[in-house]
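Subject: A structure for you to look at

Hi there,

Here is the structure I promised to pass on. Have a look at it first, and then read my notes below.

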Amino acid sequence: MTVEVKSMPRVFKCKIGGEERTLPDPDANMFPEQVMRHYAATYPELTNAVASGPDVKQDEVVWTFAVNVGRKG
């Protein structure tokens, strides 16, 4: 019996400006917090976001960035 090992791609999801965005993984060796800082240059809302996950959905590993802009408490 042969065992085949497949890696699943990571994707990062966040809601910015009321629109859900799917961001590709810039580097598989980066931690989710590093990916969030990487994308904060393009999406400044991510500077105060929190990463949660991973969730396995279909053939992807999904990390979610929860943006804290406009929330109190």
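Buried here means under 20% relative accessible area, exposed means over 50%, and partly exposed is in between (1.4 Å probe, protein chains only).

Before going on, a word about the model: it is predicted, so local features need pLDDT of at least 70 and side-chain atom pairs count only at pLDDT 80 or more, while totals for chains, interfaces and linings use all residues. Residues are numbered from 1 along each chain as its sequence is written, and side-chain values use heavy atoms, with hydrogens and water left out.

**Salt bridges**

How many salt bridges does a search of the whole structure find? There are two, counting a side-chain nitrogen of Lys or Arg within 4 Å of a carboxyl oxygen of Asp or Glu. Arginine 10 takes part in one of them: its partner is aspartate 25, and the closest N and O atoms are 2.8 Å apart. This pair links distant parts of the chain, since arginine 10 sits in strand 1 and aspartate 25 in the loop between strand 2 and helix 1, 15 residues apart. (Helices, H or I with at least four residues, and strands, E with at least two, are DSSP runs numbered from the N terminus.) Aspartate 25 counts as partly exposed, at 24% relative accessibility.

Lysine 13 and glutamate 20 form a salt bridge too, with their closest N and O atoms 3.9 Å apart. Lysine 13 is partly exposed at 23%, whereas glutamate 20 is exposed at 51%.

**Strand 1 and its partners**

Five of the seven residues of strand 1 are buried, so this strand is largely enclosed by the rest of the structure. Which way do strand 1 and strand 4 run, parallel or antiparallel? They run parallel and are joined by five bridges; two strands pair if DSSP finds at least two bridges between them. In this pairing, lysine 13 stands opposite threonine 64. With strand 2, strand 1 pairs in the antiparallel sense over six bridges, and there cysteine 14 stands opposite arginine 21. The hairpin of strand 1 and strand 2 has two residues between the strands, and glycine 17 takes a positive phi near 65 degrees in this hairpin.

Leaving aside neighbours within four places in sequence, cysteine 14 is in contact (heavy atoms within 4.5 Å) with residues including Arg21, Leu46 and Phe65.

**An aromatic pair**

The count comes to one aromatic pair. Rings of Phe, Tyr and Trp (its six-membered ring) pair if their centres lie within 6.5 Å; planes under 30 degrees apart count as stacked, over 60 as edge-to-face and the rest as tilted. Phenylalanine 12 and phenylalanine 65 have ring centres 5.4 Å apart and planes at 20 degrees, so the pair is stacked. Phenylalanine 12 belongs to strand 1 and phenylalanine 65 to strand 4, 53 residues apart. Both are buried: phenylalanine 12 at 0% and phenylalanine 65 at 1%.

In helix 1 (residues 32-40), the buried residues are Pro32, Val35, Met36, Tyr39 and Ala40. They cover an arc of only 145 degrees around the axis, which puts them on the same side of helix 1; the arc is that of the directions from the helix axis to the C-beta atoms. These buried residues pack against strand 1, strand 2, strand 3 and strand 4.

The largest nonpolar core has 15 residues, and Leu23, Leu46 and Phe65 have the most contacts inside it. Such a core is a set of buried Ala, Val, Leu, Ile, Met, Phe, Trp, Tyr and Cys residues joined through side-chain atoms within 4.5 Å. Its largest share, four residues, comes from helix 1. Among the residues that leucine 46 touches are Met36, Tyr39 and Ala40.

**Two backbone details**

Most residues other than glycine have a negative phi, and most peptide bonds are trans. The bond from glycine 53 to proline 54 is cis, with omega near 5 degrees, and proline 54 lies in strand 3. Glutamine 58, which is not a glycine, has a positive phi of about 55 degrees. Glutamine 58 is found in the loop between strand 3 and strand 4 and is exposed at 75% relative accessibility.

Enjoy exploring!
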